[in-house]
Amino acid sequence: MALCLDDFDYELPEELIAQKPAGHREESRLMVLDKHSGSVRHTGFSDLAQWLPPDTLLVINDARVVPARLWGRRETGGRIEVVILDPPPAEAGPGEYDSECLAKPTRRLRPGVEVFFGPDLAAEVLNVTPEGRTVFRFRFDRPPLEVLEELGHMPLPPYIKREAEGGVEDKLDRERYQTVYARAAGAVAAPTAGLHFTPDLLTDLKSRGVEVAPLTLLVGYGTFAPVRVEDATRHRMHLERIYLPEATAEAVNRAKAEGRPVTAVGTTAVRTMEAVARRGWPLEPFAGQTDLFIYPGFEFKAVDHLITNFHLPRSTLLMLVSALAGREFILDAYRRAVADRYRFFSYGDAMLIL
């Protein structure tokens, strides 16, 4: 059955697109949706423990964002901005590494063109894909993540405006665009629902009996790539690396067997659990890749509840939350969020779907 892209559109005033995380100036707001009763409530994110059942299993994505945004120069001196979409693995050593990248300007990036980013990093253009992404062969003289930590900047979404690289906000983003439990390096975007959590809030949740278990989805281009086909079911997600540890698989299986709810922190945690669940039930540990695309009509096997931010119109993320709670209910909640001046997107406020 076709899924019309226009059915996932809504109007959002530009001033509601958050430029800084709420928690650094004021408390993040939380909209609580009950998909069974249709109720909508408003509270602060610090009150999360009051809304989660005390026997909840809370599943978090511990992906760590790599500073994969680089500024370099061609041999002729022209300046180039590059975002590495598939950063080298954390254990990678010096050497060559190929990756698709977002690059601009692209008009002079032909195969064979050299770009220099610093004394320990250069790259050669291999080709440009039909989708307009540039494939580079990077040459790292030191371990890649070490070099990127020194030369790179956080790959913020384009709707977060920054005056220039190296400024005060740019430096603060290294801390703010990272969850407090980030561990597994390799993502090019933060699992943003987790940005609202603080160490004190996690301690409070655990003291109330909430179990917390980690998994990993290294957030890549597939999570935020725009849908370019009118029938959304024809959209194809890019592969992203996932890891479901044995302890977390067992925790999910145990919670489901005991009738306890499983609450995913973010759409990436949902996609990881549901991708592994498609391989068989009960869950087993898994390390690999997924291109799972969740949209209305999807049958959830692992996830009951979801903590998430407010997502872009016509996006795969909005389709995922609509699959969990119903499209009309979600779009009505979004209209309320606009009317109540919630902050939207990566640095915005949050929603809890029960």
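The residues lining the largest cavity of this predicted model divide into six nonpolar, one polar and one charged (Ala, Val, Leu, Ile, Met, Phe, Trp, Tyr, Cys and Pro count as nonpolar, Asp, Glu, Lys and Arg as charged, and the others, Gly among them, as polar). This lining consists of Met237, Arg271, Leu292, Phe293, Ile294, Thr316, Leu317 and Leu320. Its largest share, three residues, is contributed by helix H8 (residues 316-325); helices (H or I, at least four residues) and strands (E, at least two) are DSSP runs numbered from the N terminus. The structure holds one cavity of 30 Å³ or more, and the space in the largest cavity amounts to about 40 Å³. On a 1 Å grid over the protein atoms alone, a cavity is a set of points where a 1.4 Å probe fits but cannot get out, a pocket is an open set with protein on both sides within 12 Å along at least five of seven lines, and lining residues have an atom within 4 Å of a point. Grid points are joined across faces, edges and corners, and a volume is the space filled by probe spheres set on the points.

The largest pocket contains about 1100 Å³ of space. Of the 48 residues that line this pocket, Leu156, Pro157, Pro158, Tyr159 and Phe224 are the closest to its centre. Elements giving two or more residues to the pocket lining include strand S7 (95-104), helix H7 (267-277), strand S16 (305-309) and H8. By class, the pocket lining has 29 nonpolar, 11 polar and eight charged residues.

Helix H9 (residues 327-339) comprises 13 residues and reaches 18 Å from its first C-alpha to its last, close to the 18 Å expected at 1.5 Å a residue (1.5 Å times one less than the number of residues). Arg341, which follows H9, has a positive phi near 65°.

A search of the whole structure finds zero disulfides, defined as pairs of cysteine sulfur atoms within 2.5 Å. Cys101 is buried at 0% relative accessibility.

Residues are numbered from 1 along each chain as its sequence is written, and side-chain values use heavy atoms, with hydrogens and water left out. Local features need pLDDT of at least 70 and side-chain atom pairs count only at pLDDT 80 or more, whereas totals for chains, interfaces and linings use all residues.

Note on methods. Buried means under 20% relative accessible area, exposed over 50%, partly exposed in between (1.4 Å probe, protein chains only).
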